[in-house]
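Colleague: I have the sequence and the coordinates open. Could you take me through the aromatic residues and the sheet?

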Amino acid sequence: MFYLKNSGIEIYNPEASGKTLYFLAAERVEPPVPEGCCVVMVYPYDWTEMMTPWAYSGRGMENTGGGAEFAESFEADLIYHVEARLGHEVERRGIAGYSLGGLEAFYMASRMKNFDYAGSVSGSFWYAGAAEYFSENALDDRIKKVYMSLGASEEKTKNAERRTVRTNTDAIASHIGRTRELCYEINNGGHFTETEKRIGKCIEYFAVD
């Protein structure tokens with residue numbers, strides 16, 4: 001598949017029935033997976049391009065804006081491909097991601113009707129237009145449960161643009177929390193602190209009703 005890094009995905013606990021969570025990540029990780037939950041780690045081959053819903057030529061952002069096309073492929077092809085391999089019906093489905101993956105996951109959750117949960121872990125809501133987009137485009141009505149987290153030190157950067165991440169994330173969380181069940185956590189450390197643990201907390205939240 002053209003949108004998968006190294007021509008593959010990682011599926012944890014494929015025998016689990018009930019809940020499946022798709023998680024967008026840049027690097028391979030092995031998160032803890034609760035009983036009864038199937039986790040599908042998805043690694044797009046061009047991270048910056050495919051995790052940005054609209055184009056923006058900011059510092060260190062050379063190829064951007066492929067997130068809308070990626071979302072279309074995800075909905076049309078990847079979900080079918082994965083769930084055909086599982087061999088059992090998925091009762092509930094979630095989408096979540098780390099960093100730019102959190103931005104893209106929320107974008108998918110606002111455009112697609114496939115998900116019951118949406119999560120962003122250290123989401124890149126500093127990205128130009130993100131705060132405005134999510135104030136004007138609600139997550140799909142099917143989504144009742146939302147998880148968000150951010151590192152306490154992520155806003156402490158010399159990059160003026162990325163210093164807005166806490167303000168923007170707070171604003172998006174406040175907006176979403178008016179109509180959805182929301183868990184919003186501030187974790188210790190910066191953007192790369194205890195990545196697997198942070199991802200695990202997101203998964204655990206969706207695994208428990």
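Colleague: Which residues form one aromatic cluster?

Modeller: Bear in mind that this is a predicted model. A search of the whole structure gives 16 aromatic pairs. One cluster is made up of W54, Y56, F106, Y107, F125, W126, Y127, Y133 and F134.

Colleague: Are the planes of Y107 and Y133 stacked, edge-to-face or tilted?

Modeller: Y107 belongs to helix α3 (residues 100–111) and Y133 to helix α4, 26 residues apart, so the pair links distant parts of the chain. Both Y107 and Y133 are buried. Planes under 30 degrees apart would count as stacked and over 60 as edge-to-face. With ring centres 5.7 Å apart and planes at 45°, the pair is therefore tilted.

Colleague: Which ring does the charged end of R162 sit over?

Modeller: Two contacts of a charge with a ring can be named here. K145 lies over the face of Y205, at 4.7 Å from the ring centre. For R162, the charged end is 4.2 Å from the centre of the ring of W126.

Colleague: In what order do the strands of the open sheet come?

Modeller: The sheet has seven strands with mixed pairing. Its edge strands, each pairing on one side only, are β1 (10–12) and β7. From one strand to the next the twist averages 15°. The order is β1-β3-β2-β4-β5-β6-β7.

Colleague: Why is strand β6 largely enclosed by the rest of the structure?

Modeller: In a regular strand the side chains alternate between the two faces of the sheet. On one side of β6, K145, Y147, S149 and G151 are buried, and on the other V146, M148 and L150 are buried too. Strand β6 (residues 145–151) is largely enclosed because the number of its residues that are buried is seven of the seven.

Colleague: How many bridges pair β6 with strand β7?

Modeller: On the β5 side, strand β5 (residues 117–121) runs parallel to β6 and is joined to it by five bridges, with V121 partnered by S149. Towards β7 (residues 181–187) the pairing is also in the parallel sense, and V146 stands opposite L182. The β6 to β7 bridges number seven.

Colleague: What is the handedness of the β-α-β unit made by β6, helix α5 and β7?

Modeller: The unit of β5, helix α4 (residues 130–136) and β6 is right-handed. In the unit asked about, helix α5 spans residues 165–177 and comes with β6 and β7. The handedness of this β-α-β unit is right-handed.

Colleague: At about what angle to β6 does helix α6 run?

Modeller: Helix α6 covers residues 195–207. It lies across β2 (18–24), β3 (37–42), β4, β5, β6 and β7. The angle of α6 to β6 is about 160°.

Notes
Residues are numbered from 1 along each chain as its sequence is written. This is a predicted model: local features need pLDDT of at least 70, side-chain atom pairs count only at pLDDT 80 or more; totals for chains, interfaces and linings use all residues. Side-chain values use heavy atoms; hydrogens and water are left out. Buried means under 20% relative accessible area, exposed over 50%, partly exposed in between (1.4 Å probe, protein chains only). Helices (H or I, at least four residues) and strands (E, at least two) are DSSP runs, numbered from the N terminus. Two strands pair if DSSP finds at least two bridges between them. A crossover is right-handed if, with the strands pointing away from the viewer, the path from the first strand over the helix to the second runs clockwise. Rings of Phe, Tyr and Trp (its six-membered ring) pair if their centres lie within 6.5 Å; planes under 30 degrees apart count as stacked, over 60 as edge-to-face and the rest as tilted. A charge sits over a ring if NZ of Lys or CZ of Arg is within 6 Å of the ring centre and within 35 degrees of the ring normal. Axes are lines fitted to C-alpha atoms, for helices over the stretch in contact, and angles run from 0 to 180 degrees between N-to-C directions. Contact means heavy atoms within 4.5 Å.
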